[in-house]
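Please take me through this protein one step at a time. I am new to reading structures and would like to know where to look.

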Amino acid sequence: MLLHEITLENFGAYRGKQVLSLNPKPGKPIILIGGLNGCGKTTLLDAIQLALYGSRARCSGRGNRSYDAFLRDSVNRQAMPKQAGVKLWFSTTIEGEQRHYRIERTWSITGKTLRESLAIFVNGEHDKTVSETWANYVEDLLPLEVASLFFFDGEKIESLADPERAAPVIESAVQSLLGVSTVEQLRTDLLALQRRQKVGREDKAALDVIHAIEAQLEENEVARADAYQRVASAKAGLLHGKKELKAIDAAFAKEGGDLFRRRAELEARSAHVKNRLEAVTATLANTVAAGPLPLLLLKGQLEALRVQVAREEDAVRAEQLLDALHRRDKEILSLLGSSIPEAQFEQIAQFMEEDRAQRAGDASLPRVIQMSATGIQQLGSLDQVAETESQRAEELLNESGELRAQLDGLDRQLAGVPEEDAIADLIARQDKVRRRVDDLERELRATEEAYAARVREQAQLEATREKAYAKRAKGLAEIEHRSRVVSYSNRARNTLDKFGELLLQRHISRLEVAVLDSFNRLMRKDGLVKDLRIDTGKFTLTLVGADGEDLNPARLSAGERQLLAVSLLWGLARVAGNRLPSVIDTPLGRLDSRHRQNLVERYFPQASHQVLLLSTDEEIDDELLKRLIPSIAQTYTLVHNDTTFTTTIERGYGWGKTRYVA
């Protein structure tokens, strides 16, 4: 397995998007990441585990908080909107084929609501099935218990030096990492197979099932008949109740009960009709009658007025024309002069004078009205306005008549409404019977459902009985085959028992050698531990001192116990083939200079094919950095801004004289 890249977006102190390339180089497995306390080294370790395991991740920053609370608190304080995410790209080999996985785990906060999403990409393609089953899928790639052996805080693993605390770690690693659990799983699967093949009393059990079904059928038939009778009884009761209710409703209607129940509705309608009638009457009196409508009573006078106005207009036009003709005739006669005979001249002059005299008679009409042009225009449109108002008045009068008819009808209905005291007894009886009818209808529905349930159960039992008969017939043919399966499974389980014991002993022996060798490589004191043993039953670790006696780990210093814990993890990794990356936070805490040098020179370059070291300036200093450089593939420094409380990632490592960029 190889980690290629991790991306943090608004996660913890990492504001915005921060990307780290984690690829090692040939012969250079170490990715060195430095930062002062509080800069986000542990946050980086938490991000890797969170991406892989989600709510099951053993993040050191989570404490006792719920998963939702941890995610909320992990969003950078300055992030807007409130959303964060971690993305991890890694590859691993499955059945000889290399596969690349990209995990994208993001979450956002809206008010009190937190939404988390997970997307898994396999070889660059989004895989919905893997995304939905990732919690189980990742256990096949890197079990959580195994991951804790490779992703760890150097200061917190000292407890593994305690034999009792180391036992479950050793057991988990041997079972999961070294394949012993596979043998045990095979034995368990064979045992389950055997249990499914039990044949001694199968036929009798099948007959017992059939007899039990027959008994259930008889019991259900009795219950079904009883349910049918209760349905018939409920129907009869409901029919009687409805007849009684119908009779009471008829008596109630006869006494005016319907009108009594509708009194409020009738009164409301009456008030509405009265209001509308008053509005129509007011419109007729104040608007229509006050307008031009009364002029329709003076049709003759209006017609005489129009005639007089027309004659006066004609007289005005004749008078204007008479003046023009007089000037015209004078000019014509002047032009004719002596050019025509005198008799003709006199004849023309007489014609012109007679024409003017006739027109003078038309222009002499007395001007009585003398109406203006605007008045003439209004007089011309008066008929249309009057006609419109007449139609409106007619509509209002029709509506008024209809409203009065409605009001009379409502008054008659209200007059027929009986007093409450007169029908109080009928109302009480009607309500009582109606409630009884409602109860009877609910009872009928319940009994019908009970009867239908019995019918369905009858059909199901009959189908189950048929299946039981068929199963028994088939089972008789399989008994002999199952007997052979049980026999062969017993042989295989016995073989696996022996193989599991030998495999466990072999792995424990290899692990003892690897852990002891690792411890002696890292220790400053030669010969402090001569040997160690791991119990194959309890998985407890026992140290043997130089004198051949058991050595209590409590006699070791804190640094020596830390080295023993590192040796245990290193030995497990060596026996497993170093196929998983190691991520070590605070790798040199509590160690003296000699032990630190041993770790830098002998452990880190050999711990795995990929080693992520998360160190402070006090751990891997200039001197140790120089010793580590030949094995370093990449370097980073986590730089914290104390003003904005945010961390950024820069290339290179070093605080003193030596700064190395890889």
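**A walk from pocket to loops**

Let's begin with the pocket: 20 residues line the largest pocket, and Arg 58, Ser 148, Leu 149, Phe 151 and Phe 152 are the ones nearest its centre. Keep in mind as you look that this is a predicted model. The volume of this pocket is about 460 Å³. Which parts of the chain supply at least two residues each to its lining? They are α1 (41-53), α5 (144-150), β8 (151-153) and α6 (163-177). With four residues, α1 gives the most to the lining. If you sort the lining by class, you find nine nonpolar, six polar and five charged residues.

Now step back and take in the whole protein. You can trace 17 helices and 15 strands. There are 662 residues, and 39% of them count as buried. The protein exposes about 37,300 Å², with carbon and sulfur atoms supplying 50% of that area. Next, think about which parts of the sequence meet. Take the contacts between residues at least 6 apart in sequence: 72% of these join residues at least 24 apart.

Let's turn to the nonpolar cores. The largest one has 118 residues, and Leu 52, Phe 90, Trp 134, Tyr 603 and Phe 604 have the most contacts inside it. Helix α15 (residues 558-576) provides the largest share of this core, eleven residues. There is also a second, separate core of nine residues, with Val 231, Leu 238, Ile 248 and Val 437 among them.

Leaving out residues up to four places away in sequence, what does Phe 90 touch? Its partners include Met 1, Leu 2, Leu 3 and His 4, as well as Leu 52, Trp 134 and Leu 141.

In the loop between α2 (67-74) and β4 (83-94) you will find Pro 81. A cis peptide bond joins Met 80 to Pro 81, with omega at about 0°.

Asn 123 sits in the loop between β6 (113-122) and β7 (125-126). Its phi is near 55°, a positive value in a residue other than glycine. Is Asn 123 buried or partly exposed? Asn 123 is partly exposed, and its relative accessible area is 42%.

Phe 645 is not a glycine, yet it has a positive phi of about 55°. With a relative accessible area of 57%, Phe 645 is exposed.

How values were computed:
Residues numbered from 1 in each chain as written. Predicted model: local features only at pLDDT ≥ 70, side-chain atom pairs only at ≥ 80, totals over all residues. Heavy atoms only, no water. Buried < 20%, exposed > 50% of the residue type's maximum accessible area, 1.4 Å probe, protein only. Contact = heavy atoms within 4.5 Å. Areas by Shrake-Rupley, 256 points an atom, 1.4 Å probe, with all protein chains shown as cover. 1 Å grid on protein atoms, 1.4 Å probe; cavity = no way out; pocket = protein on both sides within 12 Å on 5 of 7 lines; lining within 4 Å. Points joined across faces, edges and corners; volume = space filled by probe spheres on them. Nonpolar A, V, L, I, M, F, W, Y, C, P; charged D, E, K, R; others polar. Core = buried A, V, L, I, M, F, W, Y, C linked by side-chain atoms within 4.5 Å.
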